[in-house]
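Here is a note for a colleague who has not seen this structure before.

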Amino acid sequence: MSTHTVSESNLINEYAPKRSFLAFFQRWEWMLVGLILVDVFINMRLTPYFLDARNLSRTSSDFMEIGLMMLPMVFIIITGNIDLSVASNMGMSASFMGLLHNMGVNIWVAAGAALLLGTLGGMLNGYLVSKVKLPALVVTLGTYAFYRGLAYGFLGDQAARGYPEAFTYFGQGKVFQTLIPFSVALFLFLAVIFGLVLHRTTFGRYLFSIGNNENATNYSGIPVAKIKFIIYTLSGFMASLAGLILAARFGSTRPDNGTGLELAVITAAVLGGVDINGGKGSMLGAGLSLLLIGLMRFGMGLMNIQGQVQGIAIGMLLILSILIPSVVRSISATGKNINWRSAISALAFLLIFILFFVFFFWSRAAVIASV
Amino acid sequence: MTEYILELKNMTKRFSGVEVLHEVCFSLRPGEVHALLGENGAGKSTLVKVMTGVHQPDKGEIYLDGKFVSFADTRESRQMGIAAIYQELSLFPDLDVAENIFVGRQPLAAGGRIDWRKLYADAGNLLESLGVRLDLKQKARSLSIAQQQMVEIARAFSINARILIMDEPTSSLTLNEVADLFRLVRRLREEGTAIVFISHRLEELFELADRVTIMRDGSYVDTRLLKDVTRDDLIRLMVGRTITDLFPKQDVKSGEVVLKVENLARAGSFRDVSFELRQGEILGMAGLVGAGRTNVARAIFGVEPATAGKIQIAGREVAITSPQQAIKLGLAYVPEDRQLHGLIPAMPITSNISLPTLFKYAQRGWLQDKVERKATYDAALQMEVRANNIWQMARELSGGNQQKIVLAKWLSTKPRILILDEPTRGIDVGTKAAVHALMSKLASEGMAILMISSELPEILGMSDRVLVMREGHITAHFSRAEATQEKIISAATQAVTSGSV
């Protein structure tokens, strides 16, 4: 028999803390909290209307469709995949409901059918990605066009309108006589559920495992294909749910509803620290980043910055969100070998970002002064 | 002038506060093969990376031809004639041999076009001078590992490398390929190239190397002439303790047949594979790399299901089409490639160990953190895993400790049949002995073990019976008493049929 011994000092310690004190504060979520505070501060200085409860309430419901689609998107991105078809699926489901409504079908039956169609759309993605093993990017790029096409097929150039009030409650109503919109309450409730599933269940752990090493996860007897199928199906369901909420909020449906929102959804997830290569991320981070984007867009809106121009700030922030951690990592990993290329780009982006705001500050101040 | 072409003095390197090299000294003469020996985690790879400028030392000096130098990156070290060939080869799969040799430095004709004629002529001359025969227009993707290594060596010499560092170049080569490689290395040595050679196979060092530097736990131990040391000396220096028996297989009376495979086949990889595996038995599976042994294991485990044939487990015929099913039937498979199939390198030790049994630590799907932590900690402790704590990422551990984690993970599924694919490849001597002792213990407790190994001493020492595969089918079957190195090699390399199963 072997006679070797193991030096005691190297045996592992069960009671070591999971994360060091320092690591806790290095979490990306703190960065987001900081940015949110800065943004709230700036917005408050800029306009007295910012903290108006009605304003906040109305704006927050604008972001709930993005939020609802973001929840399953976080799952999908964590497994290292992507779903580009969500916004098209949303448009398709909402249009299908509009079509049925125009044909005189009961609104609840129509809504149920739309949810079913959206779920089927998710299942088709899931089937092609997990069973046929086609690349997710291509599959969902295809269904992105396909589902949007179906939306136009259902409604043509028409809009469907005239939904009953009982239905529009889901987009316009408030819960319990408060100012909290129903859609916000629904999102918060689902976000907690999705967060718990991601971080506290075996299913969530499997998502991280797949994203970090799909092969080894498969070798460990985890039903990888089934899990992928489930999350794409879930994504389809949530996209159609978002479609219904949007229809209820507008009180009408057009086939181009939600065009381009898939990018906002992915932006929110990635800015929230979900690694686009899979394997890393948290639901809290994604939620915070949605809040940050919402507050920034709201604040910029109050500053009369057009929605399209707001993209400058959001885009910069997204690139910064992946640049800064890479610079920090290169500094802490090597001690002195800073990756100059990323450090310089980070600085450049930061500068543009600041200049952008200084410019609008200044222009707005000029407007106020002139009035 | 000094007699050394390269000299490292008092190299110290820390990673996030942890010292991985401590005052290490190393010297290299022109025209010598200098082996670097140590267990995994001893600091060999880090030392090599300091020599090539991948890492910069925190303390210590590097002298090249007696002159003080420092390398900011690998480009600088390459310019000074230091080339390294790592375990993970770095050729461009869609470029051909000649393009790979001169990639980034293609000879240019007028107008900045690539001078293809000169490129192929230069590549041909270079390969000829190295005595390597390769088709210049073959794509790297279709080359064997051995041929890819030759291309990397040629690439190193196309930039006039005077120092060639080879990190475990033989770990995935067949015997003939190793012989070819050694012939080339000897030739380079005669021409005055200094070679740093890392290998875990002691036999190879005695065959090839002139001097050996031994490292342990990040520190320099000793440098010796190989003709003055014995195998036992090296092991003692390397592990700092004596390992009396590398292959401690105890005799166990075999029990009932638990796994029976009949005429198993998978189109394109193996055919007509039949054998029986009994309780308490270790069945060795020998053969060359690519003989189809791993494919058989994957078929039994359901990763790449068989297309024909029968599998019986404990007398019952089963069709295994997924690893889940295999695990339910009491099978466990420790794969050949730890990084790719065995582990999730970017996840903590605890999550790695609990992955196949995670449902056990959950109530209605909700994870019970404390139960999981306790169970995985116990499993890691039992395997004597060395790590800071169970939250440490698997990728931060040495190969030996990673293998212990893979073993802990699979043993926690309480398998009846354990398939081990190259269980000790690339792990240090100490861990190797521990793995062998564990296998022996498991067998004595009634586990049936199928062991795929390319190391003949391991096959001969551990197996109760030996199967040999060649080109996708079983060519021989020996009892422990019958099996010899010569018989196995001949069955693995040419068509020999002895008493088939």
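1. Two strands pair if DSSP finds at least two bridges between them. Helices (H or I, at least four residues) and strands (E, at least two) are DSSP runs, numbered from the N terminus. This is a predicted model, in which local features need pLDDT of at least 70 and side-chain atom pairs count only at pLDDT 80 or more, while totals for chains, interfaces and linings use all residues. Residues are numbered from 1 along each chain as its sequence is written, and chains are lettered from A and ligands numbered from 1 in the order in which they are written.

2. In chain B, 6 strands form an open sheet with mixed pairing, in the order β16-β19-β20-β13-β21-β22. β16 (331–334) and β22 (473–479) of chain B each have a single partner strand, so one side of each lacks a neighbour in the sheet. From one strand to the next the twist averages 20°; axes are lines fitted to C-alpha atoms, for helices over the stretch in contact, and angles run from 0 to 180 degrees between N-to-C directions.

3. Within this sheet, β13 (residues 282–287) and β20 (residues 448–452) of chain B pair in the parallel sense over 4 bridges. Gly284(B) stands opposite Met451(B) in β20(B).

4. Two helices of chain B lie across strands of the sheet. Helix α15 (residues 429–444) of chain B lies across β13, β19 (417–421) and β20, at about 150° to β20(B). Helix α17 (residues 485–493) of chain B lies across β13, β21 (465–470) and β22, at about 30° to β21(B). Contact here requires C-beta atoms, placed from the backbone, within 7 Å.

5. Another open sheet of chain B has 4 strands in the order β12-β11-β14-β15, with antiparallel pairing. Its edge strands, β12 (270–278) and β15 (316–318) of chain B, pair on one side only. Strand β14 (residues 308–313) of chain B is joined to β15(B) by 3 bridges, and Ile313(B) has Arg316(B) in β15(B) as its bridge partner.
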